[in-house]
Amino acid sequence: MDAPRIGVGIDLHRLEPGRPCRIGGIDMDSPVGPVGHSDGDVVLHAVCDAVLGAAGLDDLGTLFSDKDPANAARDSSEFCVEVMRQLREAKLRVLSLDCVIETEKPKIAPHRAAMRARVAELFDVPVDRVNVRGKTGEGVDAVGESRAIRATAVALLG
Ligand code: MG
């Protein structure tokens, strides 16, 4: 095997009341949801960018422009399918993923297990090699003031 490759991805979306809330591929009951051209799934966007970065491929915003009407309100799992297609073409696979979600609302803990399972499925990696964790913003900056949600992901490829 070639030397493993590491990549990092970061994403942030504004939160607004009354928006659908899908995070890490899981639909949640939440008073607020991410604003985005697609479904605004910060976790899937951050993980896709981490995988693309590690593989030396174009980033998510280049592959799926937010100016393209075809991507409006799009289910981000479709982005993952394309990222995985490109990864296989590059003869690479995901060895492990870790993702930290910074948000005040919605609370992540009740959904962690489901998110891990969904991310593992989408990126074709065993669930014990995927982690998703929530953190609060301690009341400061846009995340702490509940105006935004941020995800940071690290991907290891082999
Ligand atoms: Mg995004």
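Which residue forms a salt bridge with Arg118, and how far apart are the closest N and O atoms? The partner is Glu121, and the closest N and O atoms are 2.8 Å apart. A salt bridge is a side-chain nitrogen of Lys or Arg within 4 Å of a carboxyl oxygen of Asp or Glu.

The structure is a predicted model: local features need pLDDT of at least 70, side-chain atom pairs count only at pLDDT 80 or more, and totals for chains, interfaces and linings use all residues. Residues are numbered from 1 along each chain as its sequence is written, and side-chain values use heavy atoms, with hydrogens and water left out.

Arg118 and Glu121 sit 3 residues apart in helix 4 (residues 112–122), a separation of about one helical turn. Helices (H or I, at least four residues) and strands (E, at least two) are DSSP runs, numbered from the N terminus. Arg118 is partly exposed at 24% relative accessibility. Glu121 is exposed, with a relative accessible area of 57%. For these classes, buried means under 20% relative accessible area, exposed over 50%, and partly exposed in between (1.4 Å probe, protein chains only).

The whole structure holds 12 salt bridges. One of them pairs Glu82 with Arg85, with closest N and O atoms 2.9 Å apart. Both residues belong to helix 3 (residues 77–89) and are 3 residues apart, about one turn of the helix. Glu82 is partly exposed at 21% relative accessibility. Arg85 is partly exposed too, at 40%.

The salt bridge between Asp39 and Arg22 also has its closest N and O atoms 2.9 Å apart. Asp39 lies in the loop between strand 4 (32–35) and helix 1, and Arg22 in strand 2 (residues 21–23), so the pair ties together parts that are 17 residues apart in sequence. Asp39 is buried, with a relative accessible area of 12%. Arg22 is partly exposed at 22%. Salt bridges that share partners join Arg22, Asp27, Asp39 and Asp75 into one network.

The metal site comes next. Asp11 (OD), Asp11 (OD), His13 (NE2) and His45 (ND1) coordinate the magnesium ion at 2.2 to 2.8 Å. Donors are N, O and S atoms within 2.8 Å of the metal (3.2 Å for Na, K and Ca); water is not among the atoms, so sites may look incomplete. The spacing of the donor residues in sequence is D-x1-H-x31-H. His13 lies in strand 1 (residues 5–17) and His45 in helix 1 (residues 42–55), so this pair ties together parts that are 32 residues apart in sequence. His13 and His45 are both buried.

Strand 1 gives the most, with 3 residues. The volume of the largest pocket is about 240 Å³. On a 1 Å grid over the protein atoms alone, a pocket is an open set of points where a 1.4 Å probe fits, with protein on both sides within 12 Å along at least five of seven lines; lining residues have an atom within 4 Å of a point. Grid points are joined across faces, edges and corners, and a volume is the space filled by probe spheres set on the points.

By class, the lining of the largest pocket has 4 nonpolar, 8 polar and 3 charged residues. Ala, Val, Leu, Ile, Met, Phe, Trp, Tyr, Cys and Pro count as nonpolar, Asp, Glu, Lys and Arg as charged, and the others, Gly among them, as polar. The second largest pocket has about 160 Å³ of space. Its lining residues include Arg22, Asp27, Asp39 and Ala73. That lining divides into 4 nonpolar, 1 polar and 4 charged residues.

Ala73 has a phi near 55 degrees, a positive value in a residue other than glycine. Ala73 is placed in the loop between helix 2 and helix 3, and is exposed at 64% relative accessible area. Glu138 likewise has a positive phi of about 55 degrees and is not a glycine. The peptide bond from Lys105 to Pro106 is cis, with omega near -10 degrees.

The count of disulfides (pairs of cysteine sulfur atoms within 2.5 Å) is 0. Cys80 is in none; the nearest cysteine sulfur, that of Cys48, is 3.8 Å away.
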